[in-house]
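Please open the structure in your viewer and keep the selection tool at hand.

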Amino acid sequence: MDAQPGAWPRGPRGRLGAPPLGARAPATPWARFSAWLECVCVVTFDLELGQALELVYPSDSRLTDKEKSSICYLSFPDSHSGCLGDTQFSFRIRQCGGRRSPRPAEDRHYDSEAPVSLQRESAHYFGYVYFRQVKDSSVKRGYFQKSLVLVSRLPFIRLFQALLSLIAPEYFDKLAPCLEAVCSEIDQWPAPVPGQTLNLPVVGVVLQVHIPSRVDKPESSRLQQCGQESLLPAPLALSSVHELDLCRCLQPVLSHVQTLWELMLLGEPLVVLAPSPAVSSEMVLALTSCLQPLKFCCDYRPYFTIHDSEFKEFATRTQAPPNVVLGVTNPFFIKTLQHWPHILRVGEPRMSGGLPKQVKLKKPSRLKTLDTKPGLYTSYTAHLRRDKALLRRLLRGLQKKRPAGVLTALLRGHLLELTQSFIIPLEHYMASLMPLRKSITPWKTPPQVRPFHQEDFLCSLEQAGPQLTCILKGDWLGLYRRFFKSPHFDGWYRQRRKEMARQLEALHLEAICEANIETWMKGKSEVEVVDLVLKLQEKLVRAQGHRLPVTEETLQQARLYIETAIGSLPKGLQAALCPP
């Protein structure tokens, strides 16, 4: 499973591996490449080994043997898919421990500015695959089978699919030298900075992308010109780095979007059985994106096989199914995962009377281990009534062949409104738990965020519930009660509480900096002054690491106060608090 001796090592290099004359080597080899990709893999079919790793670039990537094995198995469609020609799909694997380098400051800065749903993965890798299978009489099996795989911690599906569309056909024709040149070009890209529009040159094309930030408005046009007038040829502008054509991906399940949104919100275990890895991975990614801007806190696998190391963990019947959305193509999973509460079986997209064929809602008892027909097999009853007007507009738009972007915007807007209507009451209640600013005094420990009482929140819904912003009727209270037991409530609550605790600490630092430290120090013991210095130094370190939302003026004032406090102490203590 290891890379072949021909794999290239990491090292500062320019075009085709040669450092340009006069170029300065970057401080960290391949730092710019690593800002986008973990590595590039080539997986081929070996008659003796099966799927085998032909190449990893750079060769000293930190992938473990277990991760390499998973990448090999997940980079090929299984035998039931019968994919001929070129196919693109994606997968997601769990990182397998081992020695990991600490996250660089650039990663932390990116995550602090990016939407929570687009932050770098800390425990998983994404694999973006371009698979080619064509007849070839020169090969023993009669087929050329090979995959080019981009491994990354960034969930930029649209960007990496576009990148693969440019480089994979070229690589399959020219092989290794082409790939080396491409990786050298990526190593010249600017780092992904939220809020910026970037030009990314590769194989004679310039990809123009906007990296989303937390302050972007969902409905705004985010792609702006970025020195385009000086670029020849004109850049290929991507409307998004991550958003799929949601309406196309969910086409066979549009009549059940409401139910599926609730299942995603509640973190329910779901198996998606599809005819190919492309359909499977797009369906899973589309479903998990339905909750944006809420972060999807459960595990999800766009494409999963029986060879995966976690197969036994997911298939066990000795405990409840895990909170995972699992995309599969092997019908064997119908039998193995029969005990899972929700199974979505989709076929190849079919039209009937100019409309996409919709899967039907079916009871799990009708699930057959062989020849299972398309359908959503579940006993779950949706808490909210579905929006029939929206469904009619979408289906009519498909029938009249309206632009895909228009229909996707309509569907995404509906799901965004639904998610925001559900979350806004939680946000308002959470904000009410924040201590008042006047209760924060400079020389006392700041008060804590008050605890979240579920019943108090439910009582507040009558006056400030989702019915104020959403037209859908139904059992909102019942949906909230189930949400409280889900991983998404736990993830949302932990994140909000952490943000509020940081806000309290920032307000406390501001209160200290607005007070008169010299007045406070009068009559204070050396121990008390030293304690204040240590606490201010700790707050300063946290604030400078982008962890506290404070102004530069506040930081300057804090440094001045530290100097003033240290200056009031005996020289022995001053030396201890200000090491050379």
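A residue is called buried when its relative accessible area is under 20%, exposed when that area is over 50%, and partly exposed in between. Please bear in mind throughout that the model is predicted.

Select lysine 146 and glutamate 54, whose side chains meet in a salt bridge with an N to O distance of 3.1 Å. Lysine 146 belongs to strand β5 (residues 143-152) and glutamate 54 to strand β2 (residues 50-57), so this pair links distant parts of the chain, 92 residues apart. Is lysine 146 buried or exposed? Its relative accessible area is 9%, and lysine 146 is therefore buried. Glutamate 54, at 26% relative accessibility, counts as partly exposed.

Next, select arginine 132 and aspartate 86. Their side chains also meet in a salt bridge, at 2.9 Å from N to O. Because arginine 132 lies in strand β4 (residues 124-135) and aspartate 86 in strand β3 (residues 85-94), the pair ties together parts that are 46 residues apart in sequence. Arginine 132 counts as buried at 16% relative accessibility, whereas aspartate 86 is partly exposed, with a relative accessible area of 39%.

Move on to arginine 559 and glutamate 552, where the side chains form a salt bridge of 3.4 Å, N to O. Arginine 559 is partly exposed at 25% relative accessibility, and glutamate 552 is partly exposed with a relative accessible area of 43%.

Then select Arg92, Arg94, Glu121, Asp299, Arg301, Glu310 and Glu313 together: salt bridges that share partners join these residues into one network. How many salt bridges does the structure hold? The count is 22.

**Third stop: aromatic pairs**

A pair of aromatic rings is described by the distance between the centres and the angle between the planes. The structure has 31 aromatic pairs. Select tryptophan 36 and tryptophan 189, which form an edge-to-face pair with 5.4 Å from centre to centre and 90 degrees between the planes. Tryptophan 36 sits in helix α1 (residues 31-36) and tryptophan 189 in the loop between α5 (176-186) and β6 (197-202), so the pair ties together parts that are 153 residues apart in sequence. Both tryptophan 36 and tryptophan 189 are buried.

Now select tryptophan 443 and tryptophan 520. This aromatic pair is stacked, with 5.0 Å between the centres and 25 degrees between the planes. Tryptophan 443 is in the loop between α12 and α13 (454-464) and tryptophan 520 is in helix α16 (residues 517-521), so that distant parts of the chain, 77 residues apart, are linked. Tryptophan 443 counts as partly exposed at 32% relative accessibility, while tryptophan 520 is buried, with a relative accessible area of 14%.

**Last stop: a positive surface patch**

Finally, select Arg386, Lys388, Arg392, Arg393, Arg396, Lys400 and Arg402, which form a positive surface patch. Where is lysine 400 placed? Lysine 400 is found in the loop between α11 (388-399) and α12 (404-432). With a relative accessible area of 62%, lysine 400 is exposed.

Terms used. Residues are numbered from 1 along each chain as its sequence is written. This is a predicted model: local features need pLDDT of at least 70, side-chain atom pairs count only at pLDDT 80 or more; totals for chains, interfaces and linings use all residues. Side-chain values use heavy atoms; hydrogens and water are left out. Patches are made of residues with over 30% relative accessible area and no salt bridge: like charges are joined within 9 Å, nonpolar side chains (Val, Leu, Ile, Met, Phe, Trp, Tyr) within 5 Å. Accessible areas come from the Shrake-Rupley method with a 1.4 Å probe; for residues, only the protein chains shown count as cover. A salt bridge is a side-chain nitrogen of Lys or Arg within 4 Å of a carboxyl oxygen of Asp or Glu. Lys and Arg count as positive and Asp and Glu as negative; His and the chain ends are not counted. The place of a charge is taken as NZ of Lys, CZ of Arg, CG of Asp or CD of Glu. Helices (H or I, at least four residues) and strands (E, at least two) are DSSP runs, numbered from the N terminus. Buried means under 20% relative accessible area, exposed over 50%, partly exposed in between (1.4 Å probe, protein chains only). Rings of Phe, Tyr and Trp (its six-membered ring) pair if their centres lie within 6.5 Å; planes under 30 degrees apart count as stacked, over 60 as edge-to-face and the rest as tilted.
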